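Please read it with the structure open.

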Amino acid sequence: PHQLQGLCAFLQLPSCSERLLVRFCSWLLALSPDLSYASAAVLAEQLFLARVQALTQPPSRHLMAALASFCSKYARPFCRALVAPILREPAAAPEQTKLVCELVEECLEPEGVRLVLRQVLEAPLSEKALRVVQAALARQVRAPRCSLRPRPRVSSLLTPLLQEELPAELLELLVLALCQQAPAFATSLRYAQLVMAVLTLYQSHVS
């Protein structure tokens with residue numbers, strides 16, 4: 001990984017143009033054998049973290065295409081290297097949270113969605129984190145489609161997560177977090193919506 005970091009710096013990948021970034025990610029997808037977890041995590045950090053942390057407006061079409069391309073094959077290292085630092089950053093800009101939500105709704109496969117949800121729930125909840133949980137629960141009943149087709153709007157928080165229930169352990173973690181941290185969200189409309197969504201989707205599992 002340290003050698004790979006040095007190579008990325010030498011090739012100026014962290015600051016390359018977004019058009020070149022898309023081409024580089026397409027080339028990565030064609031590599032055989034696949035990158036190791038550690039190498040993919042290093043590349044995700046080098047290619048994307050600084051760009052995403054610097055966002056003050058919606059990401060460009062090229063940046064979204066590169067992100068979608070990378071996370072389609074390397075979701076776990078992508079989430080560790082990019083999504084987790086954004087979720088842990090107290091001063092993250094709204095655009096960064098919106099980006100995570102869009103990745104959850106449109107790009108990540110079910111395993112990636114659950115990984116992001118777990119990362120959110122293992123830290124104290126915030127309004128920013130509630131948005132990401134909402135995005136996970138509102139995931140439409142379809143395969144992710146992040147690319148060029150028009151994106152249908154999610155009309156409700158009550159759409160099941162990819163026709164699959166959350167694993168029991170993850171559902172328990174979600175309910176526990178909502179219960180333990182309820183006093184901090186006594187006046188939060190987003191929190192109330194989220195509780196109603198969980199009770200509606202998983203009423204047979206929540207008592």
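1. Basis. This is a predicted model, in which local features need pLDDT of at least 70 and side-chain atom pairs count only at pLDDT 80 or more, while totals for chains, interfaces and linings use all residues. Residues are numbered from 1 along each chain as its sequence is written, and side-chain values use heavy atoms, with hydrogens and water left out.

2. Overall content. The chain has 10 helices and zero strands; helices (H or I, at least four residues) and strands (E, at least two) are DSSP runs, numbered from the N terminus. Buried residues make up 47% of the 207 residues, where buried means under 20% relative accessible area, exposed over 50% and partly exposed in between, with a 1.4 Å probe and protein chains only. Of the contacts in the chain with a separation of 6 or more, 73% are between residues 24 or more positions apart; contact means heavy atoms within 4.5 Å.

3. H7 against H8. Helix H7 (residues 110–121) and helix H8 (residues 127–137) have axes that come within 10 Å and cross at roughly 150°. H7 is therefore roughly antiparallel to H8. The axes are lines fitted to C-alpha atoms, for helices over the stretch in contact, and angles run from 0 to 180 degrees between N-to-C directions. Angles under 35 degrees count as roughly parallel, over 145 as roughly antiparallel, 65 to 115 as roughly perpendicular and the rest as oblique. The crossing of H7 past H8 is left-handed, meaning that the near helix is turned anticlockwise from the far one by less than a right angle, with clockwise for right-handed. H7 contributes Val113, Val116, Leu117, Val120 and Leu121 to the contact, and H8 contributes Ala129, Val132, Val133 and Ala136. By class these residues are nine nonpolar, no polar and no charged; Ala, Val, Leu, Ile, Met, Phe, Trp, Tyr, Cys and Pro count as nonpolar, Asp, Glu, Lys and Arg as charged, and the others, Gly among them, as polar.

4. Cover of H8. Nine of the 11 residues of H8 are buried. Among them are Lys128 and Gln134, along with Leu130 and Leu137. What covers the buried residues of H8 includes helix H5 (75–88), helix H6 (94–106), H7, helix H9 (168–180) and helix H10 (189–201).

5. H3 against H5. Helix H3 (residues 37–53) packs on H5 at an angle of about 35°, with the axes 7 Å apart, and the crossing is right-handed. The H3 side of the contact includes Tyr37, Glu45 and Phe48, and the H5 side includes Arg76, Phe78 and Arg80. This contact has 13 nonpolar, no polar and three charged residues.

6. Cysteines. The structure holds zero disulfides, a disulfide being a pair of cysteine sulfur atoms within 2.5 Å. For cysteine 8, the nearest cysteine sulfur is that of cysteine 16, 9.7 Å away. Cysteine 8 counts as buried because its relative accessibility is 1%. Cysteine 179, at 54% relative accessibility, counts as exposed.

7. Glutamine 96. This residue is found in helix H6. At 5% relative accessibility, glutamine 96 counts as buried. Apart from its neighbours within four places in sequence, glutamine 96 is in contact with Val52, Gln53, Ala54, Leu55 and Ile86.

8. Arginine 88 is in helix H5 and is exposed, at 60% relative accessible area. Glutamate 165 lies in the loop between H8 and H9 and is partly exposed, at 48%. Leaving aside neighbours within four places in sequence, glutamate 165 is in contact with Arg114, Tyr202 and His205. The C-alpha atoms of glutamate 165 and tyrosine 202 are separated by 8.2 Å.

9. Backbone points to check. The peptide bond from serine 32 to proline 33 is cis, with omega near 0°; proline 33 lies in the loop between helix H2 (18–30) and H3. Glutamine 12 is not a glycine but has a positive phi of about 60°. Glutamine 12 is in the loop between helix H1 (2–10) and H2 and is exposed, with a relative accessible area of 54%.
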